[in-house]
Amino acid sequence: MGLSAADIAVAYNRGTVAEQRALDGVSVQVERGEVVLVVGVTGSGKSTLLKVLAGLLAPGEGSVTIDGSPLPHPPASAVGIVFQNPERQLFGETVLEDVAFGPRMLGAPRPLEVAERALSRVGLDPEAFGARSPFSLSGGEARRVAIAGVLALGADYLLFDEPTVGLDGSGRRAVVDLIRRERQEHGVVVVTHHPDPFLALADRIVALRDGRVVFSGSVEDVVRAPGRYEATGLRLPELLWIQVEALRRGAPLKGVGSTPEEVGRLLLDARRRS
């Protein structure tokens, strides 16, 4: 049944002359084992949707359910959110204490052990990082500690707001690899301006504009109907643009790729057959 938002509407400054509709009839669903990308230009409603899915913001219209149960009745730990700026999410004296805070508040009998396992899952050795201050970490390390804090809650659904922004190449790869591993046990929603690193993971892309869904489909759907995606005001991801251009020029592509290696093989195959 998954994490589902149905016909969500949100308005800020409701009932005033400054009322602004942030979401208008938005529906989205993610199942365990799926990765859904939510894209759109600034002000399209992406972050508002993420807050609604996390139960941090009540919609004016529509409903959110988790495995069939309406919010806020599922446990607060069912959905975990990792914000764009992890330093705002970290507050413990040490990394281990920070990650252990959630399970401790939920009454876990051994919160430090839970925290150690969560740190190991994000690729941070508890022996090396547990005693460090969260504020001594690099951007990529801080992002992974924030993710560990969410994993320690035992959340079924993970929400990420721009998880790779501000990171160098190695930091981006570490976060993408982490999401690839965790998708096996969780449903994942990634809000991003830059979907390129996540294309190989995405089961579905949902594109917003002015608070409405203007596109929802797979990576292949983007390539086959690029105009609907471009209606968001976003440029096509480079890998997809290459394939769109190839098709426009008559290349007989046998499928759609979402990694450089896949796209390279498709283009070479098409060249041999043309």
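Here is a short tour of this predicted model, one selection at a time.

**Stop 1: strand β1**

Start by selecting residues 3-12, which make up strand β1. This strand is mostly covered, with seven of its 10 residues buried. To see one spot where they face each other, click on S4 and look across to Q29 in β2.

Next, bring in residues 61-66, strand β4. Five bridges join β4 to β1, and the two run antiparallel. Click on A5 here, and you'll find V64 of β4 standing opposite.

**Stop 2: the six-stranded sheet**

Which order do the strands of the open sheet follow? Colour them one by one and you get β6-β7-β8-β3-β9-β10, six strands with mixed pairing. Look at the edges, where β6 (79-82) and β10 (212-217) sit: each has a single partner strand, so one side of each is left without a neighbour in the sheet. Ignoring direction, neighbouring strands of this sheet are turned by 20 degrees against each other on average.

Inside the sheet, select residues 35-39 (β3) together with residues 187-191 (β8). These two pair in the parallel sense over four bridges. Pick V38 and hop over to V191, its bridge partner in β8.

**Stop 3: aromatic pairs**

How many aromatic pairs does a search of the whole structure find? The search turns up two.

For one of them, select F91 and F101 and show their rings. They form an edge-to-face pair, 5.0 Å centre to centre, with 85 degrees between the planes. F91 lies in the loop between β6 and α2 (95-105), while F101 is in helix α2, 10 residues apart. F101 counts as partly exposed because its relative accessibility is 37%.

Then move to F215 and Y229. This aromatic pair is also edge-to-face, at 6.2 Å centre to centre and 80 degrees between the planes. F215 belongs to strand β10 and Y229 to helix α8 (residues 226-230), so to speak a link between distant parts of the chain, 14 residues apart. Are these two residues buried or exposed? Both F215 and Y229 are buried.

Definitions and conventions:
Residues numbered from 1 in each chain as written. Predicted model: local features only at pLDDT ≥ 70, side-chain atom pairs only at ≥ 80, totals over all residues. Heavy atoms only, no water. Buried < 20%, exposed > 50% of the residue type's maximum accessible area, 1.4 Å probe, protein only. Pairing = 2+ DSSP bridges. Axes fitted to C-alpha atoms, helices over the stretch in contact; angles between N-to-C directions. Phe/Tyr/Trp six-rings, centres within 6.5 Å; stacked < 30°, edge-to-face > 60°.
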